[in-house]
Amino acid sequence: MGTNVYGFPLLSLIAYLPLIGAIILLFMKKEEEKKIMQTAFAVSIVTLAVSLLLIPGFDSTTSEMQFTEQHTWIPSLGVSYAFGIDGISLLLIVMTTIISSIAIVSSYTAINMRIKEYYVSILFLETGMLGVFMSMDFFLFYIFWEVMLVPMYFMIGIWGGGRRLYSAIKFFLYTLFGSLFMLLGILAVYFLNADPQYGSGQYTFSVLELQKMNLPLHPLQFWLFLAFFLGFAIKVPMFPFHTWLPDAHTDAPTAGSVLLAGVLLKMGTYGFVRFCLPMFPEASVYFMPYMAGLSLVGIVYGALVALAQKDIKRLVAYSSVSHLGFVMLGIFALNTHGITGGILQMVNHGVSTGALFLIVGMIYERRHTRLIADFGGLSSKMPIYSAVFAVTMFSSMGLPGLNGFVGEFLILVGAFEANKIYAGIAVIGIILGAAYMLWLFQRMMFGPLDKPENQKILDMNRREIAYMAPLIVFMFWIGLFPRPFIRVMEPAVEKIVQRLKGAGAMAKQESEEKSVEVISKNDKTVIAARIDPEKGMID
Amino acid sequence: MIPLSYYVTVSTMMFVIGLVGILIRKNFLIILFSIELMLNAANINLVAFSHHFGEVDGQVISLFIITVAAAEAAVGLAIIIVLFRRKATTNVDELNLMKW
Amino acid sequence: MTPIMPDIQLIAIFPESILAIFACALFVMDPFIARDKKEQLGYFSLAGLCVSGVSTLFLWGKSISTFSGMIALDNYALFFKTLFLMISALIILMSIRYIKIERINLGEYYGLILFATIGMMFMPSATDLLSFYLSLELMSMSLYVLAAFMRKDPKSIEGGIKYFLTGVFSSGLILYGVAFLFGATGTTNLGEIAAFLQENGVTSSLSLIMAFVLLITGFGFKISAVPFHMWAPDVYEGSPTPVTAFLSAGSKAAAFSVMLRVFINAFALSSGNWWPVLWVIAVLTMTLGNLVALVQTNMKRLLAYSSIAHAGYLMIGLITASQIGYAAILIYLVGYVFMTLGAFTLIILLCSANMKGDQISDFKGLARTNPMLGLVFIIFALSLIGIPPSAGFVGKLYLFNSAIQGGFYWLAIIGILNSVVSLYYYFRVVQVMYMDEPNAGTVLSFSPTLKVALGITAFLTLFLGLYPEPIIKAAIDSVQIFL
């Protein structure tokens, strides 16, 4: 079980505050636009404040679930209403509340039709996102997971641009497809748990119970891992399931893209860390080469395609694919450094790519175009914007001193420990990342100011500075003092790594019994590029 | 004694005739007759089996079926009258307003 | 000679008797009520349904077999009886305004609905070949007339004729199958047939095989499974919309309730040899229903094809032939009933003096003029696709659960793929409602009863998704009889 310091359901409060806000908004008249925007913002700030209350009450020394709430809900099915967080979720929850508030503020001038419905959708979305990170019961998790799809569909479809209807339904269909396969996996796990050979012998959807299961690698863990993989990989998105992302990101309104990139994509990676690794450790070890391979392809492919883009938003979208490839590489390095780096990079990506989308949004609001060719030499007219853009860009590239570097460094260390080749290829991704970002910045900000429309462009106003500021602060904070963030997630990550080590030892035994040749460590590693799973276990 | 198989053969033939009638004929009244043929084929079957087993169950069911058939015929005729009043035809093929 | 007392316990048919009394009283009262006040008969029949419903609640927990084993009263039957009563009550609420607008405001309408309900209520109780056939016919007769009720509308007539012809055709097939079943086993009681099959095996004689083929075909027509589904879209499109809703929800639920009893007893379904045939039918049904729905422009036809697809999902429970599969059918049916009735209520709302309201384009911009309706439709769409939190999700969860537990992985995967496909056409309607410009001059014919019906269905669809416990318990309880 877990501990609950405050004694009252803080997590439920955090999760449902936005929902209550949405319902309040539903009752307001749609003409009172200013009031609606202010109420939405107020609700999100309150949620943020309440979520900050989690931090002091959080015990960083234990990997137990904290702030737990547990009630039986559907006893016939073994479903309980269970919330709980550990270090990983804590980081993601606070990040979500912060980004949601910023998204709401940033929409003030960007959205000028059907305002009430827009803010209702954002608040619904926030509830869904928070619920996913808190759920400790699969049924509950699945509900929140799916609930997110509808508001996002509407945000893209109604307030988006370009081929918004196409992108919206593509997003919905693709993600639903993956989640339904995940549902099959959940049901299979639920069913297998009732078999005393594998699990506790009862029918339950509780995540903690199901994490204790003991499944053989073939065929069970193999297929179950794949089922969950499909659901999460589409969300991340991993190559080759990423095709929904550029369309959805490009055609969504700014706040939609911010939330999509900042939070929704993290759910895929969170799912891998929270469910796949603990529940299917042997399968994770087994699939590690393939996962690492796909991640590397994502890193390099995403970066290369980003380099070729003419639309700023699409470029940032592909950069997301590349960055999340890094996160996945870190996670599937299956060691402490890698996983820590992966999770930290999740937060970092939320901050920096969120900031990037906001920056794109600002320029779009002014000029109503997103083609790079329409810009040039803006830095002379918009100095503050240039500075902010520069910091964000460096953060996204991974410049030391900013947050991106810490995450990428840890991931590279982890990948290097797993297999030096991975790290080598990953570095190529970093170089490419620098390339497209710098080139973008140069094309937009430097050079001659030759387009007449750009002459009268306004710099950032107070509101925009106000909402970019927290993100910039975090970029520096995590970059220079990452210790508090890492400390929070240490125990949880350790627990996962221990489980993986145990599985790795078993896998090692199995393959030692099977394979005839002995793989030596140094140069032969390169030759044995038919990657060996045990390598991931060396810490 | 007439063997059971004779009865079943007759009833099967009736059933098939009725079936084909429903599928092929265009006049609604003929289709109704074919339906009656099918129901009566089942009746023959039931009575024959009932006689074979020496039980009364089948014959009881038969009596009920006759009633049901009568009711069906009434409903069917009522519906065709409605159609006839509208379109002066009993040809089923002319009902083609709704396709795919 | 003492007369032999027949084995009759009238308590077993108490709910139906009450309803029959109300129905007959209704027909007697009908000539005395003024032509424009016929909705009083509607309220009267609602009262009858309520009284009958109360009596079913009192009877919960009993287990009686009476009328020489023809009628059984147990939790399974009571579960369905309550469901049918609720369906009829919602249909009457939906109809009151509609039949006034379509100028078919006749007292016989309510009477026929009551009789159809009586037929439906007898169906899950039937434990004998005769009683299930008679109850099936009672329901069907009433529905044939109801389908053709709009006498002046050519589509309604056409729908009525098509429904009549396919209906009696399938009844004929079922009857012939019943005859052969009787001939092969020597008894008409379902329980005794089950015992016979246990001893002698399912394929022990040619008559048995004939019987099974005919019965599956006949029932296939009734639940509009592929390839016996051709009647459904035309009939659904032509009939008056409340009747379509009744057909879609009530007749399908009733057919499944009977199928469970007949298949489990007379076919020895639980012995597990039936799944190849049923598998093919189920997969075809799900897939064809969903694929053809993608191209529809008429809302009623779209819902017809979607209900064909749902019949396919329900058959998954039959294929798995386990306790949890049967319970899943019941749970899914409850959710299915409410979501379908809700969706049809929205169509009825659009029907007004100058517009039929059944094309998808009539829904344009509806959510912008009336956000509540948009929200309500989203709830129904989510439930129909199987996205939480909704009753449809819980039902699908149970169905897929039973498929996985039975080892039918491919069936579950096909079910999932079909759910994804169904997303597309439901959300096409959502898209039209939310993102298109509203039609000028769309008049919504709200009436208090319609609002109540919409409210109840929407609330239950959402509520049962969040708190399905009572339904699940009741369903598991009910299928205990099949152990």
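Start where chain C meets chain B: 41 residues of chain C are in contact with 43 residues of chain B. Keep in mind that this is a predicted model.

**Stop 1: the interface.** Show chains C and B together. About 3700 Å² of area is buried between them, and carbon and sulfur atoms give 81% of that area. How many salt bridges are there between chain C and chain B? The count is zero. Polar contacts do occur, in two residue pairs between chain C and chain B.

**Stop 2: the side of chain C that touches chain B.** Select helix 5 (129-147), helix 6 (154-185), helix 9 (231-238) and helix 12 (299-320) of chain C; each gives two or more residues to this side. Which helix gives the most? Helix 6 of chain C does, with 21 residues. Now colour this side by class. You will find 23 nonpolar, nine polar and nine charged residues.

**Stop 3: Asp74(C).** Next, select Asp74(C). Its place is the loop between strand 2 (71-73) and helix 3 (75-101) of chain C. Is Asp74(C) buried or exposed? Its relative accessibility is 8%, so Asp74(C) counts as buried, the cut-off being under 20%.

**Stop 4: around Asp74(C).** Leave out residues up to four places away in sequence, and show what Asp74(C) touches: Lys62(C), Ser63(C), Arg261(C) and Ile481(C). Zoom in on Arg261(C). Its side chain is joined to that of Asp74(C) by a polar contact of 3.1 Å.

Finish with Gly61(C). Gly61(C) and Asp74(C) are 13 residues apart in sequence, and their C-alpha atoms are 6.8 Å apart in space.

Definitions and conventions
Residues are numbered from 1 along each chain as its sequence is written. Chains are lettered from A and ligands numbered from 1 in the order in which they are written. This is a predicted model: local features need pLDDT of at least 70, side-chain atom pairs count only at pLDDT 80 or more; totals for chains, interfaces and linings use all residues. Side-chain values use heavy atoms; hydrogens and water are left out. Helices (H or I, at least four residues) and strands (E, at least two) are DSSP runs, numbered from the N terminus. Buried means under 20% relative accessible area, exposed over 50%, partly exposed in between (1.4 Å probe, protein chains only). Contact means heavy atoms within 4.5 Å. A polar contact is a pair of N or O atoms within 3.5 Å; within protein, one must be able to donate a hydrogen and the other to accept it, and residues adjacent in sequence count only if both atoms are side-chain atoms. Buried area is the accessible area (1.4 Å probe) that two parts lose on being put together, summed over both. A salt bridge is a side-chain nitrogen of Lys or Arg within 4 Å of a carboxyl oxygen of Asp or Glu. Ala, Val, Leu, Ile, Met, Phe, Trp, Tyr, Cys and Pro count as nonpolar, Asp, Glu, Lys and Arg as charged, and the others, Gly among them, as polar.
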